Amino acid sequence: DHGRPVIPPAARRWVWLMLAAVTILAMWARSPRLTHSFWNDESMHLRYYVWGDPSAGSPDEPHFEAATWKDALFLNKKGNNHIGSSLEARTAHALSGGSWDGTKPFVEQHLRLFPWLSGLLTVALTGFIGAALGNPRTGLAAGLIIAIHPWHQRWSVEMRGYSTMILATTAALWCLLRALQSNRWRWWLGFAAAQAVTLIWFAGAVYPVAAANLSALAVIFSSR
């Protein structure tokens, strides 16, 4: 197979069944957090980039000031705008029938839908990568650890960019492994696209992105 990572044929059926079970476990563990109130960074994110600020103006005459798509793309108070997360939350709000005039309130579980889905995909993808690299048990154990890890449970349901950033970082790792093994353009382009998503959803992830590129260069030069 020329070094291509695959799931051993004899293990494929039970690996897929166990991956499905681990992902369902992750879904069960994260779903109760979908309806929690927004607080701290989520609250600031909601007011400035996603929905709007109901207490804008002076304390004596507060009024609702709607956030706009322009705010979601370009406003960045205190470096707190995760642009991709702002756009996906506004999209979820629009698709669920929400408005930006203050007459229809936001719904927490709608705005957290995309991070929740990204978290579940991360669990499944982590397990798949481990299994495809030749050790199904290790891959499933990795997926299980992500599924039950309390920090991932928290951040994968928060209306911020962290969940999709982790998913994109995981996808970038898979694309990089395949690119180094096959040297095909589609995997290099996938690696680049996944890194772009990583940075758009959370610019603070520039450090692991830089480390991945330096590692890729080191492997390329050492193989010559």
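A residue counts as partly exposed when its relative accessible area lies between the buried class, under 20%, and the exposed class, over 50%. In this predicted model, leucine 199 has a relative accessibility of 31% and therefore counts as partly exposed. Leucine 199 belongs to helix H10, which covers residues 185-201. Together with Val206 and Tyr207, Leu199 makes a nonpolar surface patch of about 310 Å².

**The chain as a whole**

The secondary structure consists of 11 helices and two strands. Read from the N terminus, the order of elements is α-α-β-β-α-α-α-α-α-α-α-α-α. Among contacts with a separation of 6 or more, 66% are between residues 24 or more positions apart. Values for the chain are set out below.

| Property of the chain | Value |
|---|---|
| Span of the C-alpha trace along the principal axes | about 70 × 40 × 25 Å |
| Share of the 224 residues that count as buried | 40% |
| Accessible surface | about 12300 Å² |
| Share of that surface on carbon and sulfur atoms | 66% |

**The hairpin**

The two strands are E1, residues 52-57, and E2, residues 62-66. E1 and E2 pair in the antiparallel sense over four bridges, and they form a hairpin with four residues between them. Glycine 52 stands opposite alanine 66, a residue of E2. In a regular strand, side chains alternate between the two faces of the sheet.

**Helix H4**

Helix H4 runs over residues 83-95. Just after H4, glycine 97 takes a positive phi of about 85°.

Which residues of H4 are buried? They are Gly84, Ser85, Ser86, Glu88, Ala89, Arg90, Ala92 and His93. The list includes the charged residues Glu88 and Arg90. An α-helix has 3.6 residues a turn, so residues three or four places apart point the same way.

What do the buried residues of H4 pack against? Their partners are helix H2 (41-50), helix H3 (69-74), helix H5 (108-111), helix H6 (113-132), helix H9 (162-182) and H10.

Note on methods: Residues numbered from 1 in each chain as written. Predicted model: local features only at pLDDT ≥ 70, side-chain atom pairs only at ≥ 80, totals over all residues. Heavy atoms only, no water. Patch = residues over 30% accessible without salt bridge, like charges linked within 9 Å, V, L, I, M, F, W, Y side chains within 5 Å. Areas by Shrake-Rupley, 256 points an atom, 1.4 Å probe, with all protein chains shown as cover. Salt bridge = Lys/Arg side-chain N within 4 Å of Asp/Glu carboxyl O. Buried < 20%, exposed > 50% of the residue type's maximum accessible area, 1.4 Å probe, protein only. Expected span 1.5 Å × (residues − 1). Contact = heavy atoms within 4.5 Å. Pairing = 2+ DSSP bridges.
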